[in-house]
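Colleague: New model on my screen. Can you walk me through it?
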Amino acid sequence: LSSPSGLTHESHKKDVEQVYLRCSEGSIEWMYPTGALIVNLRPNTSPASYKHLTVCIKPFKDSAGANIYLEKTGELKLLVRDGDRSPSKVYCFGYDQGGLFVEATPQQDISRKITGFQYELMSKGIASDLHTVSAPCRPCSDTEVLLAVCTSDFVIRGSIRDVTNEAEEQESIIHVGVNKLYRQKSKVFQLTGESGNWRGEIKTLLKCGVRPGDGDFLFTGRMHFGEARLGCAPRFKDFQRMYKEAKDKGLNPCEIGPD
């Protein structure tokens with residue numbers, strides 16, 4: 001978390017401050033913005049791998065007081081306009097496309113403004129999984145399911161207890177009851193109540209039309225800005241079939257107990 005403040009140089013409204021971030025994910029919170037910030041993302045990886053990285057930013061819901069640009073060799077491309085209230089919108093670009101230039105907009109009272117956003121650095125392959133443009137709601141093929149089991153941040157067998165639709169954010173929240181936890185990167189799925197049941201929430205696009213239904217599913221997906229995002233989710237009996245067929249042929253990319 002980086003939290004610069006504009007009040008430290010309010011008399012120099014054209015000041016440009018440099019911020020260097022080494023973490024692969026985190027957040028920037030610019031209090032009382034004046035002048036501009038250049039945000040330098042310098043992950044602790046080899047510079048040769050930079051071309052394979054994607055940067056995603058997600059503005060805070062109440063972020064205000066500055067425009068956010070993508071800057072490369074002095075040219076600015078507007079990413080987020082001050083006052084844009086698109087809930088949960090995520091902006092992604094290739095690491096080699098430039099850096100972030102955050103410029104304060106003229107304000108009568110900067111003490112009421114805080115500009116902020118979360119950021120994540122990830123490989124381009126993972127980013128394309130999360131933001132697939134072509135067909136985000138289509139069912140996964142057998143090969144895609146088997147690969148998702150090996151590479152996803154979470155893999156669980158569970159049922160859909162309920163679905164909450166959030167029209168403003170164009171998202172659905174799937175409330176999942178977990179029957180078996182194969183893997184989770186973050187503690188999204190936890191034991192709840194005295195009954196000792198595992199439960200958690202997974203988000204997906206509203207347009208995918210997810211509804212409560214009977215039976216178990218194999219839920220896979222990735223963590224994105226602290227939230228579980230749905231990837232492949234076949235019915236569990238279908239996953240058992242495709243896993244057995246692949247194993248019999250020696251083609252399953254990794255071992256997992258499907259029962």
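Modeller: One term to begin with: strands are DSSP runs of at least two residues, labelled E and numbered from the N terminus. Keep in mind that this is a predicted model.

Colleague: OK. How many helices and strands are there in the chain?
Modeller: The chain has three helices and 15 strands.

Colleague: Pick a residue. Where is Thr204?
Modeller: Thr204 lies in strand E13, which covers residues 197-205.

Colleague: Is Thr204 buried or exposed?
Modeller: Buried. Its relative accessibility is 9%, and the cut-off for buried is under 20%.

Colleague: And what is Thr204 in contact with, leaving aside neighbours within four places in sequence?
Modeller: Glu171, Ser172 and Ile174, and also Val210, Arg229 and Leu230.

Colleague: How much of the chain is buried?
Modeller: Buried residues are 40% of the 259 in the chain. The accessible surface is about 14400 Å². Carbon and sulfur atoms hold 48% of that surface.

Colleague: How many bridges join E5 to E6?
Modeller: Five. E5 spans residues 66-72, and the two strands run antiparallel. Leu70 sits opposite Lys77 in E6.

Colleague: Last one: what share of contacts comes from residues 24 or more positions apart?
Modeller: 67%, taken over contacts in the chain with a separation of 6 or more.

How values were computed. Residues are numbered from 1 along each chain as its sequence is written. This is a predicted model: local features need pLDDT of at least 70, side-chain atom pairs count only at pLDDT 80 or more; totals for chains, interfaces and linings use all residues. Side-chain values use heavy atoms; hydrogens and water are left out. Helices (H or I, at least four residues) and strands (E, at least two) are DSSP runs, numbered from the N terminus. Buried means under 20% relative accessible area, exposed over 50%, partly exposed in between (1.4 Å probe, protein chains only). Contact means heavy atoms within 4.5 Å. Accessible areas come from the Shrake-Rupley method with a 1.4 Å probe; for residues, only the protein chains shown count as cover. Two strands pair if DSSP finds at least two bridges between them.
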